[in-house]
Amino acid sequence: MNAPRLLLALFVIGGSLGADAAAARTRDLGDLEAAWHDCVREAYIRQPLGQSRAGAQRNVLDECREHEDQLVAATMLEHAREDEAARRAGLPLTARAGAWAASVAAYVVDPVTSWLQGWR
C-alpha cells in the first residue's frame, strides 16, 4: 500500500475520534518520540569505541529505524488530521502548507538535527 493510501486509511479510521482521542494522540507522539530517543541512546552506548562518529551515527539510526518510522508515520497522520480540521475550518491552502512545513521541522527535522549536532 502506498503512503497516501495508508494515510487516508488511517485518517478515515481515526477520523471519528473526539477531543479525548486528540489528547491521547499527542501523548502517543510524546511516547513514540521518547521511545525513539531511548533507542538512540542505548544503541549509541553499544557502538564500538574505535568506530568513527559518522559510522556510529549511521549504525544507531539504522538500528532505531523502526522507532523513527513509527514516530514519523504518527506525526504525518496527526498533521493530516490537523490539515483536514483546518480545511474544514476554512483556512487557505497556503496557511495550511506553512503550518505543515513548520510542524514537520519541529517534530522530525529538529530532533534529528539536534541529536546529530549533540554528538559533534
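1. Because its relative accessibility is 18%, Glu68 counts as buried, where buried means under 20% relative accessible area, exposed over 50% and partly exposed in between, with a 1.4 Å probe and protein chains only. This is a predicted model, in which local features need pLDDT of at least 70 and side-chain atom pairs count only at pLDDT 80 or more, while totals for chains, interfaces and linings use all residues. Residues are numbered from 1 along each chain as its sequence is written, and side-chain values use heavy atoms, with hydrogens and water left out.

2. The side chains of Glu68 and Arg65 meet in a salt bridge at 4.0 Å, N to O; a salt bridge is a side-chain nitrogen of Lys or Arg within 4 Å of a carboxyl oxygen of Asp or Glu. Both Glu68 and Arg65 lie in helix 4, 3 residues apart, or about one turn of the helix, and helices here are DSSP runs (H or I, at least four residues) numbered from the N terminus. Arg65 counts as partly exposed because its relative accessibility is 38%.

3. By the rule used here, the count comes to 5 salt bridges.

4. The 25 residues of helix 4 should span 36 Å at 1.5 Å a residue, and its end C-alpha atoms are 35 Å apart, which agrees; the expected span is 1.5 Å times one less than the number of residues. Just after helix 4, Gly90 takes a positive phi of about 95°.

5. A search of the whole structure finds 1 disulfide, a disulfide being a pair of cysteine sulfur atoms within 2.5 Å. It joins Cys39 to Cys64, with S to S 2.1 Å, and links distant parts of the chain, since Cys39 is in helix 2 and Cys64 is in the loop between helix 3 and helix 4, 25 residues apart. With -95° about the S-S bond, the link of Cys39 and Cys64 is left-handed.

6. The largest nonpolar core has 9 residues, among them Trp36, Cys39, Tyr44, Leu61 and Cys64; such a core is a set of buried Ala, Val, Leu, Ile, Met, Phe, Trp, Tyr and Cys residues joined through side-chain atoms within 4.5 Å. Helix 2 gives the most to this core, with 5 residues.

Technical notes. Helices (H or I, at least four residues) and strands (E, at least two) are DSSP runs, numbered from the N terminus.
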